[in-house]
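Subject: Structure for you to look at

Hello,

Please open the structure below and keep it beside you while you read. My notes follow it.

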Amino acid sequence: MKVAHVFIRMPVGGAEDLVGDILRASPKNIETKVVCLCELGRVGEGLRERHPESVELLPCVRGKRFRPAAVAELAHWLTHNEIQLVHTHVYNAHVYGVLSARKAGIPVVMHHHKTHAQMRMRRKWVLRWLSRRAAAHITLSEQTRKDFSSAFHIPLSRIRCFVNPVDEDTFQPCRDLARLRSSLGLEPQQPLIGTVASLSPQKNHGLNVEMVTHLNGMGFNGRFLTFGEGGERSNLESAVEQAALTNFDLMGARRPISPWMQALDIFVLASTWEGQPMALLQALASGLPIAATRIEGNEAVLGSDHPALFDLDDPRAYAQTVWRLLSQPTFRQKVLRHQDVRRETLPTLQHYVNDLASFYEGLASPAD
């Protein structure tokens, strides 16, 4: 069976990382292809280097304005490549993917990686129209599945919950921290706190700046490392400069991210909203104690009873939580024990791709 994952471009992000994992681990009965409609992006370029036969650039989308001719071009590509199912992951790709799949006469799956609470109304109306024309939908949690069904009037029978997988082959606890840090140019003994998140308003990096300011006042003598890029970089640089933080480092979008994550002492995520963040799953698999905002997407991964959740509007409590993880071994172990239990409930990558393959086959060959 041939499945095409449609993107406009593939920058560094959770959905892009997931598709990379799917491409690498798909069972033999599924031939997975990825097509980007504007440019490959950083993740797309890396995937094409590793899977040159499976990743293609079809540059038919040339800007933000909708281009009807791109629908016909993508539909032709789908037909020419004998694609049997289309899988889309982000808003703009939903638009072109759904319309092109319908034109080509093949089913399409819309994968919803985020909640829609923060989406602009016009986009919600477009997404509702598209959703009714998709064969099926994927959400990341049962709660989001129910919310999506209610908001977009889609029967629950057409929505499947797939919890994102933990890729334990790539992300695992570090066995020699001093050696790893030295290889990355990091001080072997210096405390390191970090986050992996795009530099966008949703990721709430201003709260990280406030937290580190409070943490330094408590005696923190390590570094805070931010891995990611985005439109908020200049604003974040200004905030760091204004706060006079010399230990808050913008590291850019490092690839591969796994060794940098393994080198941390603590992982944090200060987002205002999430679907089911891949970065948290990667931190779990890496054996890192996590501090995160008390929001639906984070709780879906960590559990609402995770000991190191903190409120969005309380940077001081955030700093105190991180300080406890640094300075109180008992608290740190409590958090790690909780996370060990949570990690056991999450699917492995191989289980995920096998279940996804069965789901695909059911859509391509529906029962009479």
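At what angle do helix 5 and helix 6 pack? The angle is about 95°, and the axes of helix 5 (residues 121-131) and helix 6 (residues 142-152) are 10 Å apart. Helix 5 is therefore roughly perpendicular to helix 6, a label for angles of 65 to 115 degrees. Axes are lines fitted to C-alpha atoms over the stretch in contact, with angles running from 0 to 180 degrees between N-to-C directions. Helices are DSSP runs of H or I with at least four residues, strands are E runs of at least two, and both are numbered from the N terminus. Contact (heavy atoms within 4.5 Å) involves K124, L127, R128 and S131 of helix 5 and F148, A151 and F152 of helix 6.

This is a predicted model: local features need pLDDT of at least 70, side-chain atom pairs count only at pLDDT 80 or more, and totals for chains, interfaces and linings use all residues. Residues are numbered from 1 along each chain as its sequence is written, and side-chain values use heavy atoms, leaving out hydrogens and water.

S100 is in helix 4 (residues 91-104). S100 has a relative accessible area of 0%, so it is buried (under 20% relative accessible area, with a 1.4 Å probe and protein chains only).

There are seven aromatic pairs, meaning rings of Phe, Tyr and Trp (its six-membered ring) with centres within 6.5 Å. F224 and F248 are stacked (planes under 30 degrees apart), because their ring centres are 4.9 Å apart and their planes lie at 25°. F224 is in strand 9 (residues 223-227) and F248 in strand 10 (residues 248-252). Both F224 and F248 are buried.

Regards

How values were computed
Angles under 35 degrees count as roughly parallel, over 145 as roughly antiparallel, 65 to 115 as roughly perpendicular and the rest as oblique. Buried means under 20% relative accessible area, exposed over 50%, partly exposed in between (1.4 Å probe, protein chains only). Rings of Phe, Tyr and Trp (its six-membered ring) pair if their centres lie within 6.5 Å; planes under 30 degrees apart count as stacked, over 60 as edge-to-face and the rest as tilted.
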